[in-house]
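Please view the sequence and the model before reading on.

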Amino acid sequence: MAYTAGMIRVLLVDDHALFRQGLRSLLESEGMRVIGEAANGREAIRYAADTHPDVILMDIQMPELDGVKATQSILEIDPAARVIMITMYRQDRYVFEAVKAGARGYVLKDADATTLLDVIRRVAAGEALLDADMAQNVLDDFRDKREELPSEKHADLNERETMILKLLAQGFSNQDIALRLDISEKTVRNRLSEIFTKLQLNNRTQAALYAIREGIANLE
């Protein structure tokens with residue numbers, strides 16, 4: 001499910017200049033375009049609002065404003081923003097909070113170049129990347145804090161909407177969903193908007209978590 005619609009525009013957010021420079025060199029060598037660099041969360045919010053990147057690579061631990069709060073603010077301004085968290089530790093609690101806020105996934109700082117590029121391309125294509133462990137951890141976190149995803153029953157969804165939600169949760173982009181169901185991408189977007197409204201969800205990540213919790217889809 002590679003992204004083929006054109007050059008991917010990326011915003012890099014990390015407080016270490018050498019790390020940003022390394023990422024820039026890698027991404028540009030692969031035909032991607034780095035449209036901006038931010039050293040803290042406040043800069044990230046401003047750049048994201050000004051440039052509307054295809055993908056935002058967001059470090060978690062930063063001065064002034066951390067990556068989680070920056071992600072939350074960016075997604076409040078633009079719910080369609082595609083944020084990938086960069087973290088040193090897979091079990092970082094901040095990753096859970098970012099995913100709950102709507103980040104599309106995460107990548108470890110020690111990941112190899114192939115993994116990073118694959119994640120960027122898939123998120124740029126519209127996927128939300130939640131592995132089974134991360135999805136379960138986030139759902140457990142909701143439960144432990146007695147927070148709830150919306151409780152509307154998925155019986156309110158018709159058969160086509162349920163299938164679209166299932167495919168979304170399994171990581172398919174709008175284009176892939178359209179091809180599988182023999183409908184247009186515009187129809188997929190419209191149906192997703194209706195699904196989000198019916199279930200009181202804000203973004204694809206929340207929709208994926210909802211589908212997993214309700215047994216509509218699984219990531220095993």
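Which residue forms a salt bridge with Asp14?

The model is predicted. In it, the partner of Asp14 is Lys109, with the closest N and O atoms 3.2 Å apart. This pair links distant parts of the chain, 95 residues apart: Asp14 is in the loop between strand S1 and helix H1, and Lys109 is in the loop between strand S5 and helix H5. Asp14 counts as buried because its relative accessibility is 1%, while Lys109, at 24%, counts as partly exposed.

Lys109 also forms a salt bridge with Asp59, where the closest N and O atoms are 3.6 Å apart. Asp59 lies in strand S3, 50 residues from Lys109. With 5% relative accessibility, Asp59 counts as buried.

## Other salt bridges

The count of salt bridges comes to 9. One of them joins the side chains of Lys198 and Glu161, at 2.9 Å from N to O. Lys198 is in helix H9 and Glu161 in helix H7, so this pair ties together parts 37 residues apart in sequence. Shared partners also join Arg20, Arg24, Glu28 and Glu37 into one network of salt bridges.

## Packing of helix H8

Helix H8 spans residues 174-181, and its buried residues include Ile177 and Leu181. The buried residues of H8 pack against helices H7, H9 and H10. After H8 comes Asp182, which has a positive phi near 60°.

The axes of H7 and H8 come within 10 Å and cross at roughly 135°, and the two helices are therefore oblique to each other. Their crossing is right-handed. By class, their contact has 6 nonpolar, no polar and 2 charged residues.

Conventions: Residues are numbered from 1 along each chain as its sequence is written. This is a predicted model: local features need pLDDT of at least 70, side-chain atom pairs count only at pLDDT 80 or more; totals for chains, interfaces and linings use all residues. Side-chain values use heavy atoms; hydrogens and water are left out. Buried means under 20% relative accessible area, exposed over 50%, partly exposed in between (1.4 Å probe, protein chains only). Helices (H or I, at least four residues) and strands (E, at least two) are DSSP runs, numbered from the N terminus. Contact means heavy atoms within 4.5 Å. Axes are lines fitted to C-alpha atoms, for helices over the stretch in contact, and angles run from 0 to 180 degrees between N-to-C directions. Angles under 35 degrees count as roughly parallel, over 145 as roughly antiparallel, 65 to 115 as roughly perpendicular and the rest as oblique. A crossing is left-handed if the near helix is turned anticlockwise from the far one by less than a right angle, and right-handed if clockwise. Ala, Val, Leu, Ile, Met, Phe, Trp, Tyr, Cys and Pro count as nonpolar, Asp, Glu, Lys and Arg as charged, and the others, Gly among them, as polar. A salt bridge is a side-chain nitrogen of Lys or Arg within 4 Å of a carboxyl oxygen of Asp or Glu.
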